[in-house]
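Student: I would like to learn how to read a contact between two chains, and then a single residue. Can we go through one case?

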Amino acid sequence: MPRPVLSRVVLAAVSAVALAGSAQAQKVDVEEFTLPNGMQFLLVPRDDQPNVVSAGWVAKVGSVNERPGITGISHFFEHMMFKGTDTIGTREPERDSKYRVEQKAVRDEINRLVWTRQYDRYFKGEIDDPWNPANDTQELRVLRARLDSLIKAQQGRGDGGPQAGTIIKDEFDQVYTKAGGSGMNAFTTYDLTCYFITVPANKLELWAWMESDRLSDSVFREFYSERDVVHEERRLRTESTPTGKFEEQFDAMFWASSGYSWPVIGWPSDLNSYTFEQAQDYWNIYYRPGNLVGILVGDFDPARAKRLITNYFSRLEPGKTPPPPVVTLEVEQLAEQRMNASGEFPPAVEIRYHTVPAGHVDSYPLDMLAEILNDRTGRLFRGMVEGRGIAATAQAVSDTRKYAGMFSVSAQARGAATPEQLEAAWQEELAALQKDDVPERELRKVKNRVAAQNYRKLEGNMSLFVQLAFAETILDWREINEAPAKYEAVTAADIRRVAATYFKETNRSVAAYRRAD
Amino acid sequence: MMAMRLSTALAAAFLTAFATAPDALAAPSATAVSPTSGPAASIPKRPEEIAFEPLAFEPPDARTFRRTLPDGTVVYLAPAHELPLVTVSITFRGGSSLDPADAPGLASMMARMIREGGTVARKPAAFDEELDFLATEVGVAATDTFTTATMNCLKSNLEESLGLFVEMLRSPGFDGDRLATNKARLHEGLKQRNDDAATIIGREWKRLLYGPEHFEGAEPTAAMVEAIDRNRLAALHRRIVHPGNAIVAVSGDFEEPQMLAKLSKAFDGWERGEPVPPPAAPTAVLAPGLYHVPKEIPQGKVLIGCRGITRDDPDAIPLLLLNEILGAGGFTSRLMQKVRSNEGLAYSVRSAVQPKVDYPGDFKAGFESKNATVALATKIVLDEVRAVRDDLVTEDELDTAKKSVIETFPRQFESKPQMLRVFVNDEWTERPADYWKTFREKVAAVTREDLRRVARKHLDPQTMAILVVGDWDEIAKGDLQGRATMNEFFGGEVKHLPLRDPLTLEPLAEAKAAK
């Protein structure tokens, strides 16, 4: 296997002013190309970890691209993408397709009945949940049993016995597992959906085969039965954790008009309601090559990788409909908002402010401000955990996304302290930030840390892969090379200015958490 | 920063990996011509038709990286010059295993206070400020049987950073105010003991398995935390943190002679004490049965399992493969296919064999399912355990498991710090020298009969505990279709364990009394 002789991560000194000599920046050398069908690729050959390649691709779509009625569909797609094609997941594509068509007809009828009759009964107060099978009418019970038997038959577990089955369960995973793939997974966020795996260096062609196959020919197998799995995922992450449901509500309250207001996993009623047609539309718009970026980081020969990629991914057909722009801007918040929650959690507070999207000129001082507040020598620890002794933990996050951003400060109480005391302490810390410049040494310290962090983020192929995925989806992959200089240029005046601009009472939302008696 | 908080992202799968696997033994699976240089038409119909070039891998030999300082301290060195960073990690034997009976958590607090309590010469705030200004990261953590201190710094300030790091280890300050702060923070943590079902099930499982007297099952009360003082921390520090009980590992951007010189200087005059002996085995025996802890949540949390094997048990490799097939192999495993993929009863379902070096660890399968289907999912898991005892697994299943373990074997040594962790752990635990060299052959030699034999020996549902955290009234009656209820297990005889007062650990009065 040819291997690059020299490390491809070239280090270049950008600035040498730091007292600690640390404010240098890395330059990651990325080979970029785009296929005629529009699919873009980023290649970073490096030999730090021999014999393996971290490989994957990003779809530039997340929950922010959804709308009421189909919330969570981006994440649901992430599940569907592991369910196979006419080649992977079955040996009888035609018979398998028949099952899917029959299932669709039954499920469409179930949905129609629920959306009309069951919703109507629910609105009148006759039943507590229109989707709960316990509340089914006789007609629905019959349909549900019919759908269940079709699903079982397709799996070879029905009355027709194993011969009737057409699914080869989880074959996608099995092929990779046999070939030594590891860490195969995917994740969905507000702005993107990312699929990845680590493969042995000699299996790059398998990766190209598998990924270009599922991108040209996903059939949404198990489109209906997989909903149960996602409901369990929702119960696990949101409904059965102490604060999960409240955090979801706080998000929904904080974002007024933006697509960031609904959860990535979607509202439960929408999760039940997606139709096959909606999924197909979504696929045709967002999963076409012009909206995808492939990324390879690791031990490979770039010329050979390029040939493989061209050979395999050229089979993806370009989309006919370009993704529509996200047009709904977050409206200005006019008055402070508050949520008071009680449950099985410690007293705590979260204070949020609307800020700016990633790449905005103010996003860099806001990120630096979070650094000034955080960690053992940060102002929150010194002021709230140690100084006033009222917090067990305290942290700040500058969360800048593709279309909007927020700044969040949260603290958990110590002893008898209340959420109000924590909030008051933050107001005092904030007043100091708005009134006085951050001292030179404190700013230098934070800059040193941010600069060193830029190196640390390059350790490990997967870490670099994830950074490229986010940077390219939200801004441009070059941001990972350009950001260090932008952070280095932030001044104390910038920080005071953003503290004054964004951290206003009318721009504030507060969640107070109290332990229920 | 750009929203890279993966905590807000949703992953498709929650896979419990049992990392171990291989490579050179995997045969190319077919003969088709690789299309890499051909025209676009040459895409094979199926992935099995792709031919792969061989990928040779020989596990690195620890001896190549092993050095000794003048005082006898063992050092592993692995230079790598891609990034201007250096990582120094010192592993000391002894962790929570040395917690006194009246002070569970003492080793954890010691580790935290070594890092946060300043040094004899520097107050905590001043010490932290120096490290942060240098952008050097230092961490100290106690696990079951080890205490590990790690320092990562820019090459440009290695001298200063190493100086601070070793000063911290040799003469920690254990500052009184910081200790008060940390005790108060830990106290707040104790209050949250019953908030999350995940915390409850973790605690109760260890209690069932190892007993509250053994350090694995022990938890501190608030009074025990309050009683921790500087003297106890210092005494434990003297026992654990010294060169006679340490192995050093260094990776990153450095040259060997200079690094050895720096380390020799840093360790000079540091008194070598006695090495810490291995921990005692627990005396508790798991009582098989059905257990329940109350918690009002819409989804029950379940663990099913028993005591397992030691790391050097001759059955370890067959059991590893069996576990891959049963529930550790991601979507390909039986539990994932039956419970999640076929029935949609859970998002995450997995099994794990966790051998321990000094005494048997455990085997456990676990999942979360809505209340109504906890019984059904439990039944399926137990049926699958019985199936690997009653019948041979298929040739294809064993083949897939072997290939996966063998093909991913090099990943154990993937990064330099990771490779050094393996070497240090192997030396501390006296792993046989040829273990990695012969690992893939041993995997390849396992038969289907071996798997059935180890299943019969080590995975007996009659000896297992089923632990359920959730809303019992909803869970016990089972699913709408009547496919399973909790009465099917151990004759429906359930032992209701109480929730415990988070500060005193005394059973809470309102908990359901045992029936």
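Tutor: We start with the interface and then turn to one residue. Keep in mind that this is a predicted model.

Student: What is the area buried between chain A and chain B?

Tutor: About 9400 Å² is buried between the two chains, and carbon and sulfur atoms give 54% of that area.

Student: How many salt bridges are there between chain A and chain B?

Tutor: A salt bridge here needs a side-chain nitrogen of Lys or Arg within 4 Å of a carboxyl oxygen of Asp or Glu. The count between chain A and chain B is 16. One of them joins Glu129(B) to Arg382(A), with the closest N and O atoms 3.2 Å apart.

Student: Now the single residue. Where is Asp99(B)?

Tutor: Asp99(B) sits in the loop of chain B between β4 (85–93) and α2 (106–116).

Student: Is Asp99(B) buried or exposed?

Tutor: Asp99(B) is buried, yet it has no salt bridge. The nearest side chain of opposite charge belongs to Arg232(B), 8.9 Å away.

Student: Which backbone nitrogen does the side chain of Asp99(B) reach?

Tutor: That of Ala107(B), at 2.8 Å. Leaving aside neighbours within four places in sequence, Asp99(B) is in contact with Pro104(B), Gly105(B), Leu106(B) and Ala107(B).

Definitions and conventions. Residues numbered from 1 in each chain as written. Chains lettered and ligands numbered in written order. Predicted model: local features only at pLDDT ≥ 70, side-chain atom pairs only at ≥ 80, totals over all residues. Heavy atoms only, no water. Buried area = accessible area lost by both parts, 1.4 Å probe. Helix = DSSP H or I, 4+ residues; strand = E, 2+ residues; numbered from the N terminus. Buried < 20%, exposed > 50% of the residue type's maximum accessible area, 1.4 Å probe, protein only. Lys, Arg positive; Asp, Glu negative; His and termini not counted. Polar contact = N/O pair within 3.5 Å; in protein donor to acceptor, adjacent residues only side chain to side chain. Contact = heavy atoms within 4.5 Å.
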